[in-house]
Amino acid sequence: MYRAVTWLALHEAIRLEDEEALTRLARNADIRFVHDESGPIQMVYCQGENLTEEIRSRQVNAAVSQVSAVAGVREALVDIQRKMAESQNVVMDGRDIGTVVLPDAECKIYLTASVEERAKRRKKEREGKDTERSLEDIAIDIQKRDEEDMRRIHSPLRKAEDSVVLDTTTLSFCEAVEAAVEMVLAAKGV
């Protein structure tokens, strides 16, 4: 959601220092998630436009921490996320889901991996979509975003005290999903 608002701000040429305009944008953004019937992909739509690819661009990556640090943006999107969780069972990921958005969630998983592994995954994910970037540059960007998000005043990135850590550094995608499902079932007492 923060990436969608960031893309929209960049697309509409809103200055990233203009917190009022960013807050207004977040409050009025029509962000929807649509499951792709042909596979496991969740599509992200904003203002009716499919932004699934665009929200992973270098420009969005470079600006999303600044946009997501704006208190008004966070408040608007947290409200939307909470409403989504009220109406259905959901799996949410984000940097403040277990600490701010859904602090009473049945199961909280703090998903992590080494910066190096995350950089490899990002590079593979972006193959053919961005100008080729070095693994080192990608790792620097990831580390920078982590640090910015941990230091932000509103809803900083941190592990919820009652969460379970799942380090996926050495796990395949399927192994990580299997481990997460086991954690959810354990939390539900199944």
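Predicted model: local features only at pLDDT ≥ 70, side-chain atom pairs only at ≥ 80, totals over all residues.
I began with contacts (heavy atoms within 4.5 Å) across the chain. Of those between residues at least 6 apart in sequence, I found that 61% join residues at least 24 apart.

Residues are numbered from 1 along each chain as its sequence is written, and side-chain values use heavy atoms, with hydrogens and water left out.

**Overall fold**

I looked up helices (DSSP runs of H or I, at least four residues) and strands (DSSP runs of E, at least two), both numbered from the N terminus. The chain has 8 helices and 5 strands. Read from the N terminus, their order is α-α-β-β-β-α-α-α-β-α-α-β-α.

**Burial**

I then checked which residues are buried (under 20% relative accessible area), exposed (over 50%) or partly exposed (in between), with a 1.4 Å probe and protein chains only. Buried residues make up 36% of the 190 in the chain.

**Helix α4**

My next stop was α4, residues 71-87. Its 17 residues reach 25 Å from first C-alpha to last, close to the 24 Å expected at 1.5 Å a residue; that expected span is 1.5 Å times one less than the number of residues. Its buried residues are A71, G72, V73, R74, A76, L77, V78 and Q81. They pack against α1 (2-11), α2 (19-28), β1 (31-35), α3 (58-68) and α5 (97-101).

**R121**

I found R121 in helix α6, residues 115-126. R121 is partly exposed, at 31% relative accessible area. Leaving out residues up to four places away in sequence, R121 touches A113, T168, T169 and L171.

Most residues other than glycine have a negative phi. A13 is in the loop between α1 and α2, and is exposed at 67% relative accessible area.

S155 also went into my notes, with a positive phi near 55°. Is S155 buried or exposed? S155 is buried, with a relative accessible area of 14%. I located S155 in the loop between α7 (135-151) and β5 (164-167).
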